[in-house]
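I opened the model to look up strand pairing and aromatic contacts. My entries follow.

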Amino acid sequence: MERVFLFFLLVALLLRSYGLGSKINSNINMDQSSLLVLKSYITSDPHNMLKNNWTTENHVCNWIGVSCDSGYNRVIALNISNMKLVGRIPLEVGNLTFLISLDMSRNYFNGSIPSSILNMSSLEVLALHHNSLSGNLPVDMCMHGLRKLITLHISSNELYGEIPSSLGKCSQLEYIFLAFNHFTGHLPREIGNLSELRTLDVGWNNLSGVIPKEIEYLNKLQWLNMGSNKLTGHLPPTIFNISSLKVLDVSSNMISGRGV
């Protein structure tokens, strides 16, 4: 009787192991498929960095710029920065559900930032700076994802529209770089909810209105750049109560107050 029990237990464990292995393979295959779609959206790869390496002959975790988690065998980081790539970013990049860091900076990507990326739940670093990306940031940004986001670096693009107030929902943000774009409207007062924020760079845009006094709540802020916009009114004196602040640039605006 004991042998029969052990036999069925062994069979059950083997079936469970097979099922888990199949699921892991299925998930990594989905990651591979998503990256192959990205590759298909790239119209110029002058150094053949991806063309010769991102193939089914190589395991996806060995592809250039790809890092995987050894436990779950999933893609957790993608760094294809500074490769002079030209193309667009497909929605399928958002299917990389274990992704922690996405760095596609210093290339020539154009088009909009897919909403699927801005809904990712595990992402901590989003670096798309120095490209030719355009379009608006969604008004519900940080409402359905990006709750773990620490770094948002999308400066030096062609982005426009208002900075969404929902950005204040990304409560883990420490670094925000939005400079050298075409953002308009007011700097949302909800920025004051980002208690972990250390850097806020919104310089060289077309922001208008007054500087929100809620910035005084950012007691870990070290770098604040709002220069070269169309801001008006007075510089809130309480900004100078932020003891951690090392750099403050509000030049080339139409504001008055201490230090201007």
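Entry 1, strand partners. I started at V125, which stands opposite T151 in β9. V125 belongs to strand β7 (residues 125–127), and this strand pairs with β9 (residues 151–153) in the parallel sense over three bridges. I take strands as DSSP E runs of at least two residues, numbered from the N terminus. Two strands pair if DSSP finds at least two bridges between them.

Ground rules. This is a predicted model, in which local features need pLDDT of at least 70, side-chain atom pairs count only at pLDDT 80 or more, and totals for chains, interfaces and linings use all residues. Residues are numbered from 1 along each chain as its sequence is written, and side-chain values use heavy atoms, with hydrogens and water left out.

Entry 2, the nine-strand sheet. Next I looked up the sheet order. I found an open sheet with mixed pairing, ordered β2-β3-β5-β7-β9-β11-β13-β15-β17. The edges are β2 and β17 (247–249); each has a single partner strand, so one side of each is left without a neighbour in the sheet. On average, neighbouring strands of this sheet are turned by 15° against each other, direction ignored. Here axes are lines fitted to C-alpha atoms, and angles run from 0 to 180 degrees between N-to-C directions.

Entry 3, β10, β12 and β14. I then followed β12. Strand β10 (residues 158–162) runs parallel to β12, joined by three bridges. E162 has T184 in β12 as its bridge partner. β12 also runs parallel to β14, with two bridges between them. There, G185 has L207 in β14 as its bridge partner.

How many aromatic pairs does a search of the whole structure find? The search finds three. Rings of Phe, Tyr and Trp (its six-membered ring) pair if their centres lie within 6.5 Å; planes under 30 degrees apart are stacked, over 60 edge-to-face, the rest tilted. One of them is Y72 with F98: the centres are 5.4 Å apart and the planes at 55°, so this pair is tilted. Y72 lies in the loop between β2 (66–69) and β3 (74–79), F98 in the loop between β4 (86–88) and β5 (101–103), so the pair ties together parts 26 residues apart in sequence.

I checked accessibility too (buried under 20% relative accessible area, exposed over 50%, partly exposed in between; 1.4 Å probe, protein chains only). Y72 is exposed at 56%. F98 is partly exposed at 31%.

Another pair is F180 with W204, stacked at 4.6 Å centre to centre and 5° between the planes.

Methods: Helices (H or I, at least four residues) and strands (E, at least two) are DSSP runs, numbered from the N terminus.
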